[in-house]
Amino acid sequence: MSFHRRDLLVQGAATGAALLAATAVAGATPAGKQPPAPAAKGKTPPGPGKHAPAPLPFKPGALAGISEKMITSHHDKNYAGAVKNLNKVEADLAALKPDAPGYLVAGLREKELTYGNSMVLHEHYFGNLGGNGKRAGALDARLGSELGAAAWEAQVRAAALALGGGSGWVVVSLSLHDGGLRITSATNHTQALAFGAPLLVLDMYEHAYQMDYGAANGKYVDAFMTNVNWEEVNKRVEALPK
Ligand SMILES: [Fe+2]
């Protein structure tokens, strides 16, 4: 797959400069194409304070090496909590008076981005679990040709382990700026590749693994790789504009 920044601009895709551009990508999808999976809900964006948590796209007891108890807690408490907090922040922003002090506006905007990115990243994370981990398809081919078939996974694992004991995300994204693949790590929800579309998302917050693995985050990364749903990941790639 190849496409160019110019093409994206022509298609009106230059509407965002953050990871949340995944949603913008949907807006740039040519007629007749399926939008990216996370936006494939096919719904009109909810109004302020109206976000609803998405259900787990697999049976919570179906994962290998990631317990039902942990994935349920992760989904129902951490992810759903972020959605709930996003709704509250958006409601507070909508209620701000014109003379609201700058520190209040800035604080709410920061939290809006924090909870909004957390919602999006968690939906991508849960969405790319529930498979058999057998690499195949468009992204695997591109990762192999651009980063090396063995090297890319080693780089993802290295980035994940480097976050061990802390918290953050490791994301394989497509840069909509230059069309290249990127492996990024972030220590909080707001650190994101500008104008990037997340394709494979790994949650390295302790709430994602400590219940099952304690400090053995490497075993969690092994389990994550075993459960990657490559069919879903490839849908995200194929849904992007060519
Ligand atoms: Fe999480």
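## An iron site and a helix pair

Along the chain, the donors of the iron ion follow the spacing H-x47-H-x80-D-x3-H. This is a predicted model: local features need pLDDT of at least 70, side-chain atom pairs count only at pLDDT 80 or more, and totals for chains, interfaces and linings use all residues. Residues are numbered from 1 along each chain as its sequence is written, and side-chain values use heavy atoms, with hydrogens and water left out.

Four residues coordinate the iron ion: His74 (NE2), His122 (NE2), Asp203 (OD) and His207 (NE2), at 1.9 to 2.1 Å. Donors are N, O and S atoms within 2.8 Å of the metal (3.2 Å for Na, K and Ca); water is not among the atoms, so sites may look incomplete. The four donor atoms subtend angles of 87 to 132°, so the arrangement is tetrahedral (four donors, all angles between 85 and 135 degrees).

| Residue | Relative accessibility | Class |
|---|---|---|
| His74 | 1% | buried |
| His207 | 27% | partly exposed |

Buried means under 20% relative accessible area, exposed over 50%, and partly exposed in between (1.4 Å probe, protein chains only).

Next, the helices (DSSP runs of H or I, at least four residues, numbered from the N terminus). The axes of H3 and helix H4 (residues 102-127) come within 9 Å and cross at roughly 145°. Axes are lines fitted to C-alpha atoms, for helices over the stretch in contact, and angles run from 0 to 180 degrees between N-to-C directions. Contact means heavy atoms within 4.5 Å. Among the contact residues are His74 in H3 and His122 in H4.

Key
Four donors count as tetrahedral if all angles lie between 85 and 135 degrees; four count as square planar and six as octahedral if opposite donors are over 155 degrees apart and all others between 65 and 115; anything else is irregular. Helices (H or I, at least four residues) and strands (E, at least two) are DSSP runs, numbered from the N terminus.
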